[in-house]
There are 2 protein chains.
Amino acid sequence: MQNLSKNQQIIFDLIDKSPEPLKAYTILYNVQKKGIKAPLQVYRALDKLVQIGKIHKIESRNAFIACHNSSCQVAKATAFSICEICEKVTEISSAGLSKYLANFKDKDGMKYSKYNLEFFGLCKKCR
Amino acid sequence: MQNLSKNQQIIFDLIDKSPEPLKAYTILYNVQKKGIKAPLQVYRALDKLVQIGKIHKIESRNAFIACHNSSCQVAKATAFSICEICEKVTEISSAGLSKYLANFKDKDGMKYSKYNLEFFGLCKKCR
DNA sequence: TAACACTATGTAATAATATAACATATATTA
DNA sequence: TAATATATGTTATATTATTACATAGTGTTA
Ligand SMILES: [Zn+2]
Ligand SMILES: [Zn+2]
Ligand SMILES: [Zn+2]
Ligand SMILES: [Zn+2]
């Protein structure tokens, strides 16, 4: 587990303490006072953080959330629930689900160790 | 099953005959000769086509693919495999998988009838 | 038919998301 | 030290998507 660089740490801290997924430019606005001035600086840190599993990208929302699955063993096998009203996003950690998906074989008998699953519905509060 | 409007039909035809997912602006360039001149015209048709399940959006690629699951009964429950080398995308239609996911319950006992799953790996040719 | 609601279209402008290209600096390792 | 890899800074630009406003067509029903 490598240490984070300065920019990576700043951006990870912001995402980690956010109760909701953050978008790249929201992140940019919030770290400008810390000296990160350009989009590319944000995107580079995001890329790295995604790569090492500290954060995940919510593809349908173009937003980023910190991993809370004990610094994701499954950086490449992610599942989320997304509330269609309040946009609350929760990372799903289910041994059953990840086992099922990791063992799933398509028609050609092909298995996939990497996947991203996004469930949509209404959260407890919005139901 | 409603009929498609003129723009919707033009854009669906293009996507339907494409062997690969198409991006919005690629679509735009390809339909300009048919009188569709602005991005919004494309996005509006895409939105509608997604809504009625004739096409699906590949979220991780910002691209659109025609549904070939007999005009998708499962417009809201989609699964794809994506080759990380050649970018070939295939819609997965597996009764087992859709049943498993439709019945999946999260920690709160919540079920989700809508989801999008993207598997990543190497296709037959690229392996 | 006329009124209404609904869906679709046309057009211009702009917002939001992401990358290319190039220069420099810092950390790691041999 | 030298070599290598990783990270940063900066400017410009590419790509993806929406807002706002005006108009036209389609279907329903009073
Ligand atoms: Zn995680
Ligand atoms: Zn909610
Ligand atoms: Zn389909
Ligand atoms: Zn391939």
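This is a predicted model: local features need pLDDT of at least 70, side-chain atom pairs count only at pLDDT 80 or more; totals for chains, interfaces and linings use all residues.
Q: What does the secondary structure of chain A come to?
A: Chain A has 4 helices and 5 strands. Along the sequence the pattern reads α-α-α-β-β-β-β-α-β.

Q: And what box do its C-alpha atoms fill?
A: Roughly 50 × 40 × 25 Å for chain A, along the principal axes.

Q: How much of chain A is buried?
A: 46% of the 127 residues in chain A count as buried.

Q: What share of the contacts in chain A comes from residues 24 or more positions apart?
A: They make up 50%, counting contacts in chain A with a separation of 6 or more.

Q: OK, on to the pair. What rotation superposes chain A on chain B?
A: One of 180 degrees, with 0.0 Å of shift along the axis. The RMSD is 0.0 Å. That is the relation of a two-fold axis.

Q: Which C-alpha of chain A is nearest the axis?
A: That of Leu117(A), at 2.2 Å from the axis.

Q: Why say the copies meet through the same surface?
A: Because 100% of the interface residues of chain A are also interface residues in chain B.

Q: Now the sheet. In what order do the 6 strands come?
A: The order is 4(A)-3(A)-5(A)-5(B)-3(B)-4(B). The sheet is open, and its pairing is mixed.

Q: Which strands stand at the edges?
A: Strand 4 (89–91) of chain A and strand 4 (89–91) of chain B. Each has a single partner strand, so one side of each is left without a neighbour in the sheet.

Q: By how much are neighbouring strands turned against each other?
A: By 20 degrees on average in this sheet, direction ignored.

Q: What packs on the sheet from chain A?
A: Helix 4 (residues 95–103) of chain A does. This helix touches strand 3 (77–83) and strand 5 (114–121) of chain A, plus strand 5 (114–121) of chain B. Its direction makes about 130 degrees with that of strand 5 of chain A.

Q: And what does helix 4 of chain B touch?
A: Helix 4 (residues 95–103) of chain B touches strand 5 of chain A, together with strand 3 and strand 5 of chain B. The angle with strand 5 of chain B is about 130 degrees.

Q: How many bridges join strand 3 to strand 4 in chain B?
A: There are 3, and the two strands run antiparallel. Phe80(B) has Glu91(B) in strand 4 of chain B as its bridge partner.

Q: Switching to metals. Which protein donors does the zinc ion (ligand 2) have?
A: The SG atoms of Cys83(A), Cys86(A), Cys123(A) and Cys126(A). They lie 2.3 to 2.4 Å from the zinc ion. Their spacing along the chain is C-x2-C-x36-C-x2-C.

Q: Which parts of the chain does the pair Cys83(A) and Cys126(A) link?
A: Cys83(A) is in strand 3 of chain A, and Cys126(A) is in the segment after strand 5 of chain A. They are 43 residues apart.

Q: Are those two buried or exposed?
A: Both Cys83(A) and Cys126(A) are buried.

Q: Why is the arrangement around ligand 2 tetrahedral?
A: Because the 4 donor atoms around this zinc ion (ligand 2) subtend angles of 106 to 115 degrees. The ideal for four tetrahedral donors is 109.5 degrees.

Q: What coordinates the zinc ion (ligand 4)?
A: Cys83(B), Cys86(B), Cys123(B) and Cys126(B), through SG, at 2.3 to 2.4 Å. Angles of 105 to 115 degrees make the arrangement around ligand 4 tetrahedral.

Q: How are its donor residues spaced in sequence?
A: The donors of ligand 4 follow C-x2-C-x36-C-x2-C. Cys83(B) lies in strand 3 of chain B and Cys123(B) in the segment after strand 5 of chain B, so the pair ties together parts 40 residues apart in sequence.

Q: Buried or exposed, Cys83(B) and Cys123(B)?
A: Cys83(B) is buried, at 2% relative accessibility. Cys123(B) is buried too, with a relative accessible area of 14%.

Q: Last topic, the hairpin. Which strands of chain B form it?
A: Strand 1 and strand 2 of chain B, with 4 residues between them. Asn62(B) in the turn has a positive phi of about 50 degrees. 4 bridges join strand 1 (residues 55–58) to strand 2 (residues 63–66) in chain B, antiparallel.

Q: Where does Lys57(B) sit?
A: In strand 1 of chain B. Its bridge partner in strand 2 of chain B is Phe64(B). Lys57(B) counts as partly exposed, at 30% relative accessibility.

Q: What is Lys57(B) in contact with, leaving aside neighbours within four places in sequence?
A: Lys57(B) contacts Val50(B), Asn62(B), Ala63(B), Phe64(B) and Glu118(B).

Terms used:
Residues are numbered from 1 along each chain as its sequence is written. Chains are lettered from A and ligands numbered from 1 in the order in which they are written. Side-chain values use heavy atoms; hydrogens and water are left out. Two strands pair if DSSP finds at least two bridges between them. Axes are lines fitted to C-alpha atoms, for helices over the stretch in contact, and angles run from 0 to 180 degrees between N-to-C directions. Contact means heavy atoms within 4.5 Å. Donors are N, O and S atoms within 2.8 Å of the metal (3.2 Å for Na, K and Ca); water is not among the atoms, so sites may look incomplete. Four donors count as tetrahedral if all angles lie between 85 and 135 degrees; four count as square planar and six as octahedral if opposite donors are over 155 degrees apart and all others between 65 and 115; anything else is irregular. Buried means under 20% relative accessible area, exposed over 50%, partly exposed in between (1.4 Å probe, protein chains only). Copies are superposed by least squares on the C-alpha atoms of residues with pLDDT of at least 70 in both.
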